[in-house]
Structures are given as C-alpha cells and as structure tokens.
Amino acid sequence: MKLGYKWIREFVKVDRGADEVAKALTMSGTEVEEIVHEAIPRSVIAARIVEVKPHPDADKLKICMTDTGSGILQVVCGAPNCRDGMISAFAPIGTDLGGGMVVKKARIRGVESFGVLLSERELGLTDDHTGIMEIEADLKPGDVLIDALNLEDWVFGINITPNRGDELSVIGIARELSALFGAELKLPGNPLSEDEAPARDVLSVEILAPEGCPRYAARVIEDAHIGKSPFVMRRRLFQAGVRAINNIVDITNYVMLEYGQPLHAFDYTFLAGRGIVVRKAIPGERFTTLDSVERTLGADDLLICDKEKPVALAGVMGGENSEVLDTTKTIALESAFFDPIGIRKTSKGLGLATEASYRFERGIDPAVQADAATRAACLMQQLAGARVLKGVIDVNTYGYAAVPITLRRSYIEKVLGINSFKDADVEAILTRLGFSLEKTDGGWKVLRPALRHDATREIDLVEEFIRVYGMDKIEPELPTFKPAALHTQAANLNDLRLALASMGLTEVVNYSFISPRWKPFFGADALELLNPISDEMKVMRTSLIPGLAATVARNKHLQRRDMSIFETGICFFPTGTGKLPDERQKLGIAVSGQREDAHWSTRPREVDFYDIKGIVEALLPEMTVRPSGHAFYKPGQQADILLGPATVGHLGALSADILQMIDVTDEVYAAELPVDALLGRKWKGVSEIPKFPMTWRDLSLVADEGVAYAGIVGVIEGLGIGELRSVAPVDLYTGDKLPFGKKGITVRLTYQSDTRTLEDSIINTWQDRIIQSLQKELGISLRQ
C-alpha cells in the first residue's frame, strides 16, 4: 500500500520527519519498505497565459504569450486546453526536469519558444497528460509552484501483514502514529446538508445471503455533475497507485483509501425496480464485470442485484451494466461489509484481484459502513454539486458484541521480562489503538474494537502494548538454560546426513511439489494441489528422484557437470478421496559426470552403476540386490535393494525418456530408500592419526581344502583382541609340496594400540592364542 505522508498528517498531528515516522512504523510491526521523496524543481513557477495566438506554420501548435511575473515570454505549446487567462506551470530556460531533460531555448516550426508549459504528468504529480496543468488556486505569476501548492511530499510504500486489515487506510496508519507518538487522532468532519426526501422512498435493500453480507449501507445522491476531480484528490490517488476516472468514481476510491472501506457507485437509472438485492449466484450464472469480461460464477459467489439482474460482483468489481457514465445524474452508493473468506474464494476462483477485494479479504471495520457512505456523499455534494437524500439505508445483521479480555500486569511482566512500565503506559497505548479498558485488581478488562479481528487473546494485547511501547526497551539477555538434546530420531538423521557428506556428497533441499510431467514415471494417482504456486509445481511428490534429477539438470546447464548429491525429505502418497496423504521420509541420492576431478596424472572415468551401488552398500553393508523393471530406470542398469526378503528401495541409471525430458546427455544414476531403514546405524567417520606405531605378523597355515577363508577370519576376530586392526590374506598355495587335500594360506595380522607401543611379548601371546584356536576350531596347523 502506498500513501502520501502529508495526507496521513491531516488526521494526526505528528511533528516528525518522514524518515523518523517510517522507522517508528517499521519497528512497531508496520513495515515501511520504501520512501519516495516527491518534489519538483524550484525554478518551476506559476504563469498566466495572457494571449493565445495560432502558430503560423502548424495547425496543432499555439503561441502563448505568458506572464511569468518578471516579464512576458513567448512559448510555443501544443496542448489543446491552453487559453487566455489560465494559470499553468511554467519551466523557464535552464530548468532541469530530470531524466536528462533540460529546458532550452528552441525554435519550433520557425517560432522561438522561451520555456515550457508543463502537464501534471511531466511534473510527476499525476498521470494526466491531456493538456497543460490547470491551476485552480489563486496564484500570482512568478509564485514558486512547489511552495505555493505545497507539493513536496513523501510517499510511503507500506507492507501490511494479512492480519492487519485495519491498517489498509490513511486513518489506520494515522491511528498507529497516534499511539506511537501520543498524538490525537482527528477523523474527517462531514458537514452534510440532506434533502427532506428520504432515501428509503426511492431505494430498497434486501439481503438474502446474510452469511456473506451481514451489513449493507446505501445512500442516494441526485443531480450530480460528472467532471474532473480536484488536483489534490487526483494527486493523492496517483500516489496510492489508483487511476483517476471522474469525480464520482474518484470519491469512492478516495474514501476507500481514507477509511479502508471499499465503496461502489451505481448509476441509479440502471437499477430495475429501484432496489438492491444481495444473493448468492446460481451455479453457471454469467456476469460481465467493469473490465468487459464475462465471468461464469459458482454457488459460493455473492452478487449485488437489482430486482431483475446482477449489477455487481460483491466485494470484487462492479458490473458493466450499471457503471457511472458521463451522463449519470443519480447515484446509488454502496458501502457494505462482506465475509472475508467468501470474497477471497471468489477473487481467487475467478483470478480477479482488486483494491476492494484486497481489503475485504483481510477484514474491514464492520462498524464504519454508514460513516464512509456519509463521507463520500459529503464529498459528492462539495465536488459534484449533488443533492443527498435524507438518511442512510442501513441493513445490519452483524451484531458485533465485544468479549472482554482479561489483561494482567503480572502476565505482561512475565512475558516481556520487564516491570519498568507504568499502568498509564498500557492504558494510553491500548486506548489510542481503539481498545476500551476498565481497571481491575491487578490488571484490566479490555474490549477490542470491531476493526481488530486479530486481537482475541491476552497475549495479543501484550503484543499490541510492547510493539508500541518499544521492543528496544527490553534489555537483551542470553538464555540461562541449556539447549535440549536433539530428539533421538533427529540425531540419527543428522548422523545419516553427516555420513553422506563425509562420502563427498552435497546435501540439497527441493520443493515438495513437482511438475505433472513426472506423473507417468512416479504415479499417475499422485495428489495435485488446488492452488499451486505454478503449473510446474502442481503435484505432491511421491519420490525424491524428480527433484534430484531437476537439480542435476539445472547445474549441468550452468556448466557444473560433475554432481554427487543427496536429499532427505517427505514424500506423499494418496490414501483415498478426502483423506490426508501417507507421509514417508525418504533418502534420495544422485550422481553424474566424472568420478574424480580432472587431473593430468589420471584418465577421466565416468561414474557408473557400481558407484551408486557402492554408496548404498556403505550405508547398508548387509543389503542385497535383485534385478528390477522400473520405468524410470534403464533396462539392465537397475536393481531393487533388499534387506533380507524385504524390498526397501531401488537404484539404477535414469531412463532415456527422463534424460530427454530434463535435457541432459550424461548418464545420471540415482537411488532411493526409506530413512527408517538407515536410522540408528553407526558409520565410520574421520579417525585421529595414530600416535603409536603399528606392527604386523604373518601366519603361514595349512588347512583342509574345504576350509573357507571366512571361517579363518571368523575364528581370529572372535577372540576379541582389541588391538587387532586387520586380517588380510597375502598368499595361497595348493601345490604338491603339501599333502593331498591340503592348502597353504598366509594371513597377515596387523596390530596397533591407541594408548601404548606394543611389545613383542604381548604380540607373541596373542599369536599363540590365535594358532591354538585355529587348530582347535578348524584343525589348522602352522606350516613347517
């Protein structure tokens, strides 16, 4: 939302600079994203056109003799509205208008011109460029325009959070400043002169859908003269990003920005039966809005109708069949409260967002409808010479009754950790924010205003107080407690991620939503979002592989060819119509490109099936594999991962169809398995460099040919010698130097201690134990 600072200051007298005010708003939770300083060059002055003469060599140009206060200058001008006696904006020679445009003496079609008469758009004041600026104020030639019209201003770009619909107006921001700076909030006076004829005699209001429209207020305005709005109004609308149309429509937008209450003006003569009916749309009903688009409506959409037909899409946009035209004289003015949820559904469902729907969706003040209608009627009387029929037609079923909220001083102190504030501080701040307080023993009984839909609990009131009182008044203090240990599952997951990172893989995080083009590969029944971020993020993933493949492709397109990545995340599986999906946490791995970085001393080697299999084996040493037939892998280069008889995952080379879809020519190998199968395991990490030397001994053994090497290793490791680091075969002999049926095996045993240097006597003892155990268990003897 954009608003001019000077407009805000009309409602609250704050004697502070724009920067200070913006900082105060931001620190209190209303973020001012930008401040645009608006000013025009001081050399631009007011000038009176004393005589307009035709240009001798151009039909569309005129020669304007212009009184600048210091002399009469000749100016060539092409504006259609220049005339004798009018006062306009004049830039003399040498004026820098910005954007590289400097006014110079010029000869235009043979006639000299000594300056420029400017339009409002050329000065950056409005978007009006239909002619030169017409100054309505009583100025003298030579008056400096920026001072005479008070043109310097600062436009705030304010980011309003969705729960603060009460701030979507000038008065809403002024109320915040009133609380922040202790200044009085001044609401606009509306000195309205009403006709004796009651509005109810010419217009009726009937609400058939009170759940969608709890309140509908209306006024009737007659004898309005459609024309151009005053400069001040058009400029403020321009600052707010609203296009000026005519005085009646501009007033409805102006009051919307002032009060936060969207209004709509109907041409009364187009309302059949002299009545307003609020009802739900008939499914499939068609209606053409002001943007000339015919829209098909649903049963939840709310319509404003006359006695015969729809005339507006409630809370979103008016209808083409009842808009205010240049010939309009009588106006039916709408000021209503619509259900925020219903307006949001209509706006999103039709893809039609407006300034009105933006406010209704966030919740407007349900108590301001009659006041806003009266304010608009007053301005129409002043600016369009209209007559206002007596009374506001106000059908109100809202019935707001504030529920008292108990606010305890002890609770404020407990939550904030401070006790330096006074009771009067709490009362002053909350009162200026619109709350009503009644003192009780140890606190207050608080009634929230109807406009504050977001403040319903005691903690909300604490937040309201401290954000205005000042978060900076709370001294920062480090917590004295120790952080809680990670939950076992989270700790195990961290161990898994660390193990993968230690293998050289990089962790990635992808969205849980994927493109529908993946459905043929990973489940045609995958769940689709009703309101996706984009068409490419429409399906809830059933596998991590689409996200990993997309990440590989994105990096390869950026010339990063070698990829080793993994991701842990939730996948979603449908469980039936109307039921929540089954959520399963999975691990996905993808590798592509060269196994190692290029180097002159080695030949490059592409990763292959055995690389991805090796990574999985490092995580699950007891795993086995069997051939599989998944459509997303290449035939003959894929396998299912088994733990015992159970299939827990799969691995392989992505299919040619997938590689073509993601525009990748290199092979991409992937694996996926459930995280549950990997939690609680211990993986070898980086070890400290040994401080003590290792030593080794070879044993030359004679064993029966039927004795397996694994049996020998099992017997040796079964002795539980902690210092035994490895057992490795170094030689095998099956020649005729041994008896028939015997074989010779030489085994190397490596010893090392973490705490001492091992002595020969200790090692010899272990060697003797090993020989004795091998002889006893397997009938093995030392070779002579």
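Mentor: The side chain of Lys-613 makes a polar contact with the side chain of Glu-617, at 2.7 Å. The model is a predicted one. Lys-613 sits in helix 16, which covers residues 609-619. With a relative accessible area of 16%, Lys-613 is buried, because the cut-off for that class is under 20%. Apart from neighbours within four places in sequence, Lys-613 is in contact with Val-625 and Leu-651.

Next, a helix pair. Helix 18 (residues 709-718) packs against helix 19 (residues 760-778) at an angle of about 130°, and the two axes are 9 Å apart. That angle makes helix 18 oblique to helix 19. Their crossing is right-handed. Helix 18 contributes Gly-711, Ile-712, Val-715 and Ile-716 to the contact, while helix 19 contributes Ile-770, Ser-773, Leu-774, Glu-777 and Leu-778. Sorted by class, the contact has 6 nonpolar, 2 polar and 1 charged residues.

Two backbone positions remain. Ser-292 is not a glycine, yet has a positive phi of about 65°. Ser-292 belongs to the loop between strand 16 (286-288) and strand 17 (294-296), and is partly exposed at a relative accessible area of 49%. Gln-559 also has a positive phi, near 70°, in a residue other than glycine. The loop that holds Gln-559 runs between helix 15 (545-557) and strand 30 (563-573). Gln-559 counts as exposed, with 71% relative accessibility.

Key:
Residues are numbered from 1 along each chain as its sequence is written. This is a predicted model: local features need pLDDT of at least 70, side-chain atom pairs count only at pLDDT 80 or more; totals for chains, interfaces and linings use all residues. Side-chain values use heavy atoms; hydrogens and water are left out. Helices (H or I, at least four residues) and strands (E, at least two) are DSSP runs, numbered from the N terminus. Buried means under 20% relative accessible area, exposed over 50%, partly exposed in between (1.4 Å probe, protein chains only). A polar contact is a pair of N or O atoms within 3.5 Å; within protein, one must be able to donate a hydrogen and the other to accept it, and residues adjacent in sequence count only if both atoms are side-chain atoms. Contact means heavy atoms within 4.5 Å. Axes are lines fitted to C-alpha atoms, for helices over the stretch in contact, and angles run from 0 to 180 degrees between N-to-C directions. Angles under 35 degrees count as roughly parallel, over 145 as roughly antiparallel, 65 to 115 as roughly perpendicular and the rest as oblique. A crossing is left-handed if the near helix is turned anticlockwise from the far one by less than a right angle, and right-handed if clockwise. Ala, Val, Leu, Ile, Met, Phe, Trp, Tyr, Cys and Pro count as nonpolar, Asp, Glu, Lys and Arg as charged, and the others, Gly among them, as polar.
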